Amino acid sequence: MPTGRFSTTQQARYLEDYVEGAIHEFGPITITEAQIVQFGKQFDPQLFHTDPDGAKKTVYGGLIASGWHTCGLFMRLFVEHYLPGPASLGSPGVDELRWLKPVRPGDALSLRVTVHKVKPSRSKPDRGVLFSFCEMLNQARDVVATMMAMNLVRYRSRG
């Protein structure tokens with residue numbers, strides 16, 4: 001599988017620039033205890049996300065990030081490095097989201113994205129759907145989360 005470097009900047013990137021099978025990696029981004037607790041208290045108030053002492057008594061043996069927090073970190077790296085600028089038209093969603101391993105304070109997460117498929121739109125010839133298999137990895141290179149992202153992206157030379 002080819003390891004990817006885009007031939008264009010994000011601002012000049014269009015659907016033609018995504019090569020099926022190419023693998024791109026971005027990061028790391030480090031998560032702190034304070035960030036985990038703050039996110040947990042606001043959006044996912046389970047003990048193992050909000051209370052470092054209480055979390056020690058749970059099945060996880062300590063504080064872990066909400067899976068939704070991990071998704072937020074994924075999105076940050078995905079938008080800042082992978083998606084095209086003006087050619088991005090949003091997303092109809094993700095498939096097969098999985099949280100495989102706990103994310104803990106101090107983990108440095110990287111995003112590995114494999115261009116899975118590029119599918120032209122049947123009804124709108126100026127765009128298509130970009131299918132990207134996404135993996136979040138911790139500093140030990142363990143995969144902590146996966147998902148198949150779908151993004152609507154314009155073509156440079158169609159329409």
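Q: Which residues of helix α1 (residues 33–43) are called buried, and what makes them so?
A: Ile36, Val37, Phe39 and Gly40 are the buried residues of α1, because buried stands for under 20% relative accessible area, with a 1.4 Å probe and protein chains only. The model is predicted, so local features need pLDDT of at least 70 and side-chain atom pairs pLDDT 80 or more, while totals for chains, interfaces and linings use all residues. Residues are numbered from 1 along each chain as its sequence is written, and side-chain values use heavy atoms, without hydrogens and water.

Q: How do you know that the buried residues of α1 line one face of the helix?
A: Seen down the axis of α1, they fall within an arc of 170 degrees, so they line one face. The arc is taken from the directions between the helix axis and the C-beta atoms.

Q: What is exposed on the other side of α1?
A: Ala34, Gln38, Lys41 and Gln42 are exposed there, a word that stands for over 50% relative accessible area.

Q: What do the buried residues of α1 pack against?
A: Their partners are α2, α3 (52–55) and α4.

Q: Why is α4, where Thr70 has its place, called a helix?
A: Thr70 is in α4, which spans residues 67–82; a helix is a DSSP run of H or I with at least four residues, so this span is called one.

Q: Why is Thr70 called buried?
A: Thr70 has a relative accessible area of 4%, and therefore meets the cut-off for buried.

Q: Which residues is Thr70 in contact with, leaving aside its neighbours within four places in sequence?
A: Thr70 is in contact (heavy atoms within 4.5 Å) with Ala65, Val103, Met136 and Ala145.

Notes. Helices (H or I, at least four residues) and strands (E, at least two) are DSSP runs, numbered from the N terminus.
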